[in-house]
Amino acid sequence: CAHPSAKPESAVSPYACQRRTTLNNHNKIFTDALEVLAENLEFCGNQGPSLAFRRAASVLKSLPEALRCLEETQHLPCLGEHCRAIIEEISECGSCSRVEEILNDERYRTMKLFSSVFGVGPKTAENWFCRGLRTFEQVLNEPSIRLNRMQTAGFLFYEDISKPVSRTEASALKIIVEEAVICVNPSATVSITGGFRRGKEFGHDVDFIIKTPEAGQEDTILPAVIERFKSQSILLYSDLQESTFDLRQLPTHRFEAMDHFSKCFLILKLKGEQETGRDWRAVRVDLVAPPLERYAYALLGWSGSTLFERDLRRFARLERGKLLDNHVLYDKATEAVLIICLAVLRTLHHEGFGGAIAGVTV
Ligand code: TTP
Ligand code: MN
Ligand code: MN
Ligand code: MN
């Protein structure tokens with residue numbers, strides 16, 4: 001990607017955090033294809049090349065309308081020769097032969113199927129594929145395979161948790177989570193984060209961030225909330241990850257998918273009439289409880305999307321000489337640790353995150 005300062009004012013930024021993205025994707029035929037190519041590379045462990053396709057798809061998603069001709073891609077960042085050839089092929093033929101080939105590829109199809117199970121990552125999916133397994137039935141009947149607790153829950157609730165969660169269901173869950181949180185700590189508050197915070201209508205789970213007003217409460221609240229869900233008989237699965245956060249920790253250069261805050265990955269029972277005739281469905285829920293002084297960073301980090309977060313950090317590092325992660329913003333030149341408060345974060349939301357990182361001098 002070219003340096004942004006070399007581009008005219010109206011140019012699309014190569015950083016996802018500096019692009020406004022509509023919820024309405026006008027270039028779905030292209031982005032779906034690019035994402036299949038990206039996913040296929042991820043299944044092969046090629047994270048670098050995969051990222052190039054993810055970036056290209058993200059740029060196209062930010063466009064206010066559909067591409068009309070290939071020339072329009074000339075001035076867009078992150079779209080190399082390869083991506084442009086794919087866009088051209090789709091424009092002319094309606095599909096891309098390489099993408100069609102992948103979609104019909106046994107390895108891709110099996111990896112896609114296996115990794116759709118909660119608790120099964122690309123490593124496990126590949127291991128099962130290499131053993132000649134192709135279906136869930138074969139996996140479940142293979143005596144040498146011992147599923148861990150997460151995978152067992154993943155198979156048990158597969159049908160429910162692979163079905164998208166709606167905004168209405170997310171709102172119903174917020175009431176349940178809020179009730180449990182307030183019951184164990186009346187001064188704590190709950191906010192929805194993740195995809196629903198970005199305005200999405202559907203998600204694969206519902207993410208909540210808990211704010212506790214006193215130091216140390218962030219470590220005790222999640223176990224108590226889990227106990228509360230258990231006593232209400234709505235807890236189907238829980239994986240509590242205790243905090244490994246250290247106030248003195250400085251951000252790293254590497255993009256890490258997981259942060260150090262106290263969090264839990266849950267499957268909850270959501271009551272309500274279902275298409276299956278049952279009166280409940282299983283839903284994946286994530287809770288994170290950061291210490292109050294790092295709340296703004298955690299909220300920013302958990303809002304996603306993954307590429308937005310990645311680019312926000314890249315922007316901070318390359319354009320502003322600062323290191324950012326879910327915990328802190330660090331100025332390399334002055335060696336100052338910058339703590340953003342929530343009020344500043346709200347301003348960042350209004351003015352666009354990327355630009356505003358520049359102005360943070362708290
Ligand atoms: P996800 O729930 O995986 O993704 P999403 O909400 O954007 O999309 P979906 O609708 O499919 O659920 O993750 C939400 C954000 O949380 C994502 O930006 C990654 C971030 N996250 C952390 O920052 N640290 C962590 O430890 C974890 C588990 C997630
Ligand atoms: Mn490319
Ligand atoms: Mn989510
Ligand atoms: Mn999540």
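Start by selecting Glu-335, which counts as exposed at 58% relative accessibility (buried is under 20% relative accessible area, exposed over 50%, partly exposed in between, with a 1.4 Å probe and protein chains only). Glu-335 sits in the loop between β9 (329-331) and β10 (336-338); helices (H or I, at least four residues) and strands (E, at least two) are DSSP runs, numbered from the N terminus. Check the backbone here: phi of Glu-335 is near 60 degrees, a positive value in a residue other than glycine. Most residues other than glycine have a negative phi, and most peptide bonds are trans.

A quick word on what you are looking at: this is a predicted model, where local features need pLDDT of at least 70, side-chain atom pairs count only at pLDDT 80 or more, and totals for chains, interfaces and linings use all residues. Residues are numbered from 1 along each chain as its sequence is written, chains are lettered from A and ligands numbered from 1 in the order in which they are written, and side-chain values use heavy atoms, with hydrogens and water left out.

Jump to Cys-78, in the loop between α2 (47-61) and α3 (81-93). Cys-78 is not a glycine either, yet has a positive phi of about 65 degrees. Buried or exposed, this Cys-78? Buried, with a relative accessible area of 14%.

Next, select Gly-304 and Ser-305: a cis peptide bond joins them, with omega about -10 degrees. Ser-305 lies in the loop between α13 and α14.

**Either side of that loop**

Step back to Gly-301, in helix α13 (residues 295-303). Gly-301 counts as buried, at 15% relative accessibility. Show its neighbours and, leaving out residues up to four places away in sequence, you get Glu-309 and Asn-326 touching Gly-301 (contact means heavy atoms within 4.5 Å). Draw a distance from Gly-301 to Asp-325 as well: they are 24 residues apart along the chain, and their C-alpha atoms are separated by 7.3 Å.

Now go forward to α14 (residues 306-320), 15 residues that should span 21 Å at 1.5 Å a residue; the end C-alpha atoms are 20 Å apart, which agrees. The expected span is 1.5 Å times one less than the number of residues. Colour the buried residues of α14, among them Leu-307, Phe-308, Leu-312, Phe-315 and Glu-319. An α-helix has 3.6 residues a turn, so residues three or four places apart point the same way. After α14 comes Gly-321, with a positive phi near 65 degrees.

**Salt bridges**

- Arg-55, Asp-311 and Arg-314 are linked in a salt-bridge network.
- Asp-160 and Arg-278 pair up at 3.1 Å, N to O. This pair links distant parts of the chain, 118 residues apart: Asp-160 is in helix α9 (residues 158-161), Arg-278 in the loop between β6 (262-271) and β7. Asp-160 is buried at 6% relative accessibility, while Arg-278 is partly exposed at 28%.
- Lys-322 and Asp-331 form a salt bridge at 3.7 Å, N to O. Lys-322 is buried at 10% relative accessibility, and Asp-331 is buried at 13%.

**A strand stop**

Select Asp-286, in strand β7 (residues 280-289). Asp-286 counts as buried, at 6% relative accessibility. Which side chain makes a polar contact with that of Asp-286? It is Arg-284, at 2.8 Å. A polar contact is a pair of N or O atoms within 3.5 Å; within protein, one must be able to donate a hydrogen and the other to accept it, and residues adjacent in sequence count only if both atoms are side-chain atoms.

**Last stop: two domains**

Colour by domain: domain 1 (4-102), domain 2 (105-156), domain 3 (165-294) and domain 4 (303-359), with bounds from an automatic or database domain assignment. The C-alpha centres of domain 2 and domain 3 lie 27 Å apart. Four residues from domain 2 and five residues from domain 3 take part in the contact. About 450 Å² is buried between domain 2 and domain 3, with carbon and sulfur atoms giving 67%; buried area is the accessible area (1.4 Å probe) that two parts lose on being put together, summed over both. Finish by selecting Phe-118, Arg-149 and Met-150, which supply 85% of the area that domain 2 buries against domain 3.

Note on methods:
A salt bridge is a side-chain nitrogen of Lys or Arg within 4 Å of a carboxyl oxygen of Asp or Glu.
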